[in-house]
Amino acid sequence: MDNQPESNEPEEPKRSNNRGMLTKVAVTALVAGAVGGGAVYGGATYISNHNSTAVPSGSNSGGTAKTSTLNVKVNSQASKVYKAVKPAVVSVINLQKESSSSTGISGLFGSSSSSSSSSSSSLETSSEGSGVIYKKSGNAAYIVTNNHVVSGSNALEVVLSNGKKLTAKLVGKDSVTDLAVLKINGTDVKSVATFGNSNNIEVGETSLAIGSPLGTDYASSLTEGIISAKKRSVTTSNGTATVIQTDTAINPGNSGGPLLNLEGQVIGINSMKLATDSEGTSVEGMGFAIPSNEVVKIINQLIKNGKIVRPALGIKYVDLSEISSSQQSSVLKLPSSVSNGAVVMTTPGSSTPAGKAGLKKYDVITAIDGKKVTSTTSVRDLLYEHKVNDTIKLTYYRSGKEKTVSVKLTETTSQLNN
């Protein structure tokens with residue numbers, strides 16, 4: 001694969017409508033009960049009228065069951081994809097230290113004697129996820145998974161589709177995109193997956209997921225669904241991410257596994273699912289995957305540098321839509337024609353790119369290099385089109401007046417905002 005102000009006062013339900021709904025449910029249940037009761041009553045009458053019929057005697061061979069000799073040839077595209085990609089999908093085990101201590105009887109009385117008290121630590125499974133082998137080079141094979149799958153690990157293991165367990169080394173990880181790259185001995189790796197172009201996917205097309213929902217006990221599970229949305233902005237603990245939405249079943253343990261098209265290409269890395277909304281309502285069929293084009297860009301940098309180096313402005317900001325209309329007018333003094341942008345919420349430090357360029361708190365950024373800022377997500381996306389030390393033109397509003405300034409980008413010092 002791998003994130004809000006309203007009144008908390010619940011709306012008073014319309015009793016008459018709810019009562020009508022309950023009535024409909026009750027009526028349906030009663031009708032069903034009546035039909036069922038009739039069937040039971042009729043059956044009882046039938047038995048009563050024929051209770052003198054004798055059970056046939058003799059051999060019981062006529063009751064023997066047999067299986068059909070018909071051989072059904074399953075040749076679906078989903079089956080072909082599963083057979084082709086399954087060998088490249090792995091389970092990832094996150095091992096962490098679990099401290100334990102044992103004391104003798106004297107320990108109960110506060111003895112500090114080393115002979116009566118001992119402590120040790122061992123590695124135990126903390127969590128499990130999935131991953132996909134995408135490259136083999138010499139004796140090494142490389143796996144992409146989620147950052148949250150490997151986060152906090154003291155050691156990592158990978159279980160191949162044939163059940164063989166291997167030690168894995170963390171090459172690099174990135175919490176912003178929730179991606180990580182692992183390296184294993186590739187001697188036993190016979191197949192690798194390929195990436196498709198996530199820009200070419202269509203809403204409604206079939207998508208498949210292979211992974212280990214709930215852990216290795218269910219490794220190599222296949223689920224099928226469709227693409228529900230190509231680009232969906234979701235809020236995560238590390239900011240806002242643009243992801244693929246799918247109703248393909250994704251459960252804990254699927255994280256880091258591939259989302260596939262019917263050509264067997266990886267179009268995304270499964271990262272998260274929505275289980276409940278902000279009000280606690282249960283949600284089904286809303287899973288999210290990191291687009292393959294983003295994945296390829298990130299993992300190539302992780303292989304090269306072991307980390308992701310991003311350009312930054314050095315500011316904290318919020319989406320203009322989060323500011324009330326009255327405050328947009330009274331505090332920001334924006335003209336009514338400005339409806340999108342990113343509001344600077346802290347005074348930029350004098351050493352930051354934004355500070356050096358003269359930006360101030362409550363400035364509203366509306367464009368970067370002439371491209372409109374439609375949301376806080378687009379700020380990040382537009383900045384990430386550039387490299388550290390690039391110079392960009394920033395358009396913003398201050399006290400109702402539009403201004404443009406040149407800003408030289410530096411490396412980000414924070415993984416939240418820029």
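Confidence. I looked up pLDDT, the predictor's confidence in each residue, from 0 to 100; the chain averages 81, and 79% of the residues score at least 70. I found the lowest confidence in helix 1 (residues 15-49), with a mean of 36, and the highest in strand 10 (residues 258-260), at 98. Residues 1-50 have a pLDDT below 50, and I noted 29 contacts (heavy atoms within 4.5 Å) for this stretch beyond near neighbours in sequence. Residues 102-120 also stay under 50, with 15 contacts in the model beyond four places in sequence.

Ground rules. This is a predicted model, in which local features need pLDDT of at least 70 and side-chain atom pairs count only at pLDDT 80 or more, while totals for chains, interfaces and linings use all residues. Numbering runs from 1 along each chain as its sequence is written, and side-chain values use heavy atoms, with hydrogens and water left out.

Make-up. I list seven helices and 20 strands, taken as DSSP runs numbered from the N terminus (helices H or I, at least four residues; strands E, at least two). Of the 418 residues, 37% are buried, meaning under 20% relative accessible area with a 1.4 Å probe, protein chains only. The accessible surface (Shrake-Rupley method, 1.4 Å probe) is about 24000 Å², and carbon and sulfur atoms hold 50% of it.

Helix 4. I checked which residues are buried here: Ser 292, Val 295, Ile 298, Ile 299 and Leu 302. They lie on the same side of helix 4, because their arc around the axis is only 125°, taken from the directions from the helix axis to the C-beta atoms. Just after helix 4, I read a positive phi of about 80° at Gly 306.

Note on methods:
Buried means under 20% relative accessible area, exposed over 50%, partly exposed in between (1.4 Å probe, protein chains only).
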